[in-house]
Amino acid sequence: MAQQQRRPFRPVRQEEPYRINERIRVPQVRLVGENVPQGIYDIQQAIKFAEEQNLDLVEISPNAVPPVCKVIDYSKFKYEQKKKQKEIKANAQKVVIKEIRFSPTTDDHDYDFKLKHAINFLKEGAKVKAYVQFSGREIVFKDQGYKLLERFAKALEEVGKVELEPKLEGKRMSMILTPKAIKK
């Protein structure tokens, strides 16, 4: 058996999100920032402004005509961008979906118990996925499952609204409810 030759390991170089200094490949740029005269300049002149202040010329908006560049300290700029991204991620709300399972033959006491749980879930701000699981020959009672989910949605009108109407997927009929906006 012939032995395969292995390629030498090369670490993947991470692409910089912004072009800086000599990597900017356009003839003219719009210069913005503090301590620089704002306006449209040739790229060499803009780089010269940055070098005079011991800073970097960073392409902020490459799709603009001409591209917008800023004279700033690039490492500090990257740090600020990472910090902003972390803050956005921390403030993003995570959507929680709670599931409530019924069968077409769910008893009234069971139904009331699950309804109370759904009300609490919606008040906490979570979405509720209610579904009727059909097993065996229960699938012939599709209309019972639909009525059960409609009754469930009607009972939750005050705290939630239907996001996804009841629909049958295989042996499961499901619908999704979202909490109503709380008035402050």
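Hi everyone! Before we look at the parts, one definition: domain bounds here come from an automatic or database domain assignment. With that in mind, this is a predicted model, and its chain is assigned a domain 1 at 21-75 and a domain 2 at 97-179. Their C-alpha centres lie 58 Å apart.

An unreviewed UniProt entry annotates residues 20-87 as "domain: Translation initiation factor 3 N-terminal". Over that stretch, the chain is 35% helix and 29% strand, and its end C-alpha atoms are 25 Å apart.

Here you can find strand E1, residues 28-32, and strand E2, residues 39-42, running antiparallel and joined by four bridges. For example, Leu31 has Gly39 in E2 as its bridge partner. The two strands make a hairpin with six residues between them, and in the turn sits Gly33, with a positive phi of about 130°.

Now, on to the other sheet. Which order do its strands take? Reading across, we get E5-E6-E8-E7, an open sheet of four strands with mixed pairing. Strand E5 (97-102) and strand E7 (160-169) are the edges, each pairing on one side only. On average, neighbouring strands are turned by 20° against each other, direction ignored.

Gln133 finds its partner in E8 at Arg172.

Helix H3, residues 108-124, packs on this sheet and touches E5, E6, E7 and E8; its direction makes about 170° with that of E5. Helix H4, residues 142-155, lies across those strands, E5, E6, E7 and E8, and runs at about 10° to E8.

Notes. Residues are numbered from 1 along each chain as its sequence is written. This is a predicted model: local features need pLDDT of at least 70, side-chain atom pairs count only at pLDDT 80 or more; totals for chains, interfaces and linings use all residues. Side-chain values use heavy atoms; hydrogens and water are left out. UniProt positions are given in the numbering used here, feature names are shortened, and annotations may be inferred rather than shown by experiment. Two strands pair if DSSP finds at least two bridges between them. Axes are lines fitted to C-alpha atoms, for helices over the stretch in contact, and angles run from 0 to 180 degrees between N-to-C directions. Contact means heavy atoms within 4.5 Å.
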